[in-house]
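Open the model in your viewer and keep the sequence panel beside it. Each stop below gives a selection and says what is there.

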Amino acid sequence: MKTALIQQKFHGTKEATIAKTCELIAQAKQGGAELVILQELHQTQYFCQSEDVGFFDLANDWESDVKFWANVARQNGVVLVTSLFEKRTAGLYHNTAFIFERDGTLAGKYRKMHIPDDPQFYEKFYFTPGDLGFEPIQTSVGKLGVLVCWDQWYPEAARLMALKGAEILIYPTAIGWFDEDTDAEKSRQLEAWVAVQRGHSVANGVPVVAVNRTGFEADSSGVSKGIRFWGNSFVFGAQGEQIFRANEQDEACFLVDIDMKRSENVRRIWPFLRDRRIENYAGLTKRFID
């Protein structure tokens, strides 16, 4: 399956950013992409660097946004994974991935389940935890296990998607460094991020794709300097082999061929699902076992 990873900067306005995204999706279509994956909250700046009630207004047009991206998927004839700020009602908002079929119909959606609350990643202020569960989405290119950013640190989420038949795990993402961190700390953070997701591919015998934003975004509150998003979008195969990894700076449409049939043989060789001792895993539903 030819897959397009759209690694992108924020271009100062929603309109300019969307225009660039559409340009990159057109490149993906020309390159023969069947599946196109956009990064987390790809329409706007990463607004969670501070707690500001004004940023909730970014979700006011979410229904129009859904129609817009449905049309983009239809015009380009691709399965499209988007990431939007969804408003259900006043005071109830979600960080939601909408997945569109080639004809523009909505194949399904996933509401981000794990919500961080860290300095400059104040997502609990904006997003209600998802209530749709870990459900893969059936599309014409396969059964997609779509998760979002902070979900990527949790093997439980990846496992549940795999147990429900996900043929590939997909993570739209927005993660980066603070410039004041040391080079050693930056390296530890980046490699931990890559390693845990590579582990998901190995443990579950499925390909894993992460699409991360790039570029520097200042903290509009002025409390901190901002975040330098580290790019490094990647694809790992079903045995954890690196198929592709971008660098920090590039804003581009990366076309990657993913062998969707390889999982069958990998799971025959390494039958981890067969050998799970499910009768002994009840403790996993506890916060901590004292």
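**Stop 1: a loop residue**

Select Gln120, which sits in the loop between S5 and S6. Strands here are DSSP runs of E with at least two residues, and helices are runs of H or I with at least four, all numbered from the N terminus. The phi of Gln120 is near 70 degrees, a positive value in a residue other than glycine. Is Gln120 buried or exposed? Gln120 is buried, at 7% relative accessible area. Buried means under 20%, exposed means over 50%, and partly exposed lies in between, with a 1.4 Å probe and protein chains only.

Before moving on, note that this is a predicted model: local features need pLDDT of at least 70, side-chain atom pairs count only at pLDDT 80 or more, and totals for chains, interfaces and linings use all residues. Residues are numbered from 1 along each chain as its sequence is written, and side-chain values use heavy atoms, with hydrogens and water left out.

**Stop 2: the six-stranded sheet**

Show the strands as cartoon. Six of them form an open sheet in the order S5-S4-S3-S2-S1-S15, with mixed pairing. Two strands pair if DSSP finds at least two bridges between them. S5 and S15 are the edge strands; each has a single partner strand, so one side of each is left without a neighbour in the sheet. On average, neighbouring strands of this sheet are turned by 30 degrees against each other, direction ignored. The axes behind that value are lines fitted to C-alpha atoms, for helices over the stretch in contact, and angles run from 0 to 180 degrees between N-to-C directions.

Now select residues 92-100, strand S4. Five bridges join S4 to S5, and the two run antiparallel. Pick Ala97 and look across to S5: Tyr110 stands opposite.

**Stop 3: salt bridges on this sheet**

How many salt bridges does a search of the whole structure find? The total is 19. A salt bridge is a side-chain nitrogen of Lys or Arg within 4 Å of a carboxyl oxygen of Asp or Glu.

Select Asp257 and Lys2, whose side chains meet in a salt bridge at 3.2 Å, N to O. Asp257 lies in strand S15 (residues 252-257) and Lys2 in strand S1 (residues 2-7), so the pair ties together parts 255 residues apart in sequence. Asp257 is exposed, at 51% relative accessible area. Lys2 counts as partly exposed, at 23%.

Next, select Arg88 and Asp131. Their side chains form a salt bridge at 2.7 Å, N to O. Arg88 belongs to strand S3, while Asp131 lies in the loop between strand S5 (106-111) and strand S6 (137-139), so this pair links parts 43 residues apart in sequence. Arg88 is partly exposed, with a relative accessible area of 41%. Asp131 is partly exposed too, at 44%.

**Stop 4: the three-stranded sheet**

Move to the open sheet of three strands, ordered S9-S12-S11 with antiparallel pairing. Strand S9 (176-177) and strand S11 (214-218) stand at the edges; each has a single partner strand, so one side of each is left without a neighbour in the sheet. Select residues 226-230 to see strand S12, joined to S11 by five bridges. Pick Gly215 and find its bridge partner in S12, Phe229.

Stay here for another charged pair. The side chains of Arg213 and Glu217 meet in a salt bridge at 2.6 Å, N to O. Are these two buried or exposed? Arg213 counts as buried at 1% relative accessibility, and Glu217 counts as buried at 5%. A further selection shows a network: salt bridges that share partners join Glu86, Arg88, Lys109, Arg111 and Asp131.

Then select Asn232, in the loop between S12 and strand S13 (234-236). Asn232 has a positive phi of about 60 degrees although it is not a glycine. Asn232 is buried, at 7% relative accessible area.

**Stop 5: the cavity**

The structure holds one cavity of 30 Å³ or more. On a 1 Å grid over the protein atoms alone, a cavity is a set of points where a 1.4 Å probe fits but cannot get out; lining residues have an atom within 4 Å of a point. The largest cavity has a volume of about 80 Å³, where volume is the space filled by probe spheres set on the points, with grid points joined across faces, edges and corners.

Select its lining: Lys14, Leu41, His42, Gln43, Thr44, Phe47, Leu58, Asp65, Ser83, Leu84 and Phe85. Which strand gives the largest share of this lining? Strand S3 (residues 79-89) does, with three residues. Colour the lining by class to see five nonpolar, four polar and two charged residues. Ala, Val, Leu, Ile, Met, Phe, Trp, Tyr, Cys and Pro count as nonpolar, Asp, Glu, Lys and Arg as charged, and the others, Gly among them, as polar.

Notes
1 Å grid on protein atoms, 1.4 Å probe; cavity = no way out; pocket = protein on both sides within 12 Å on 5 of 7 lines; lining within 4 Å.
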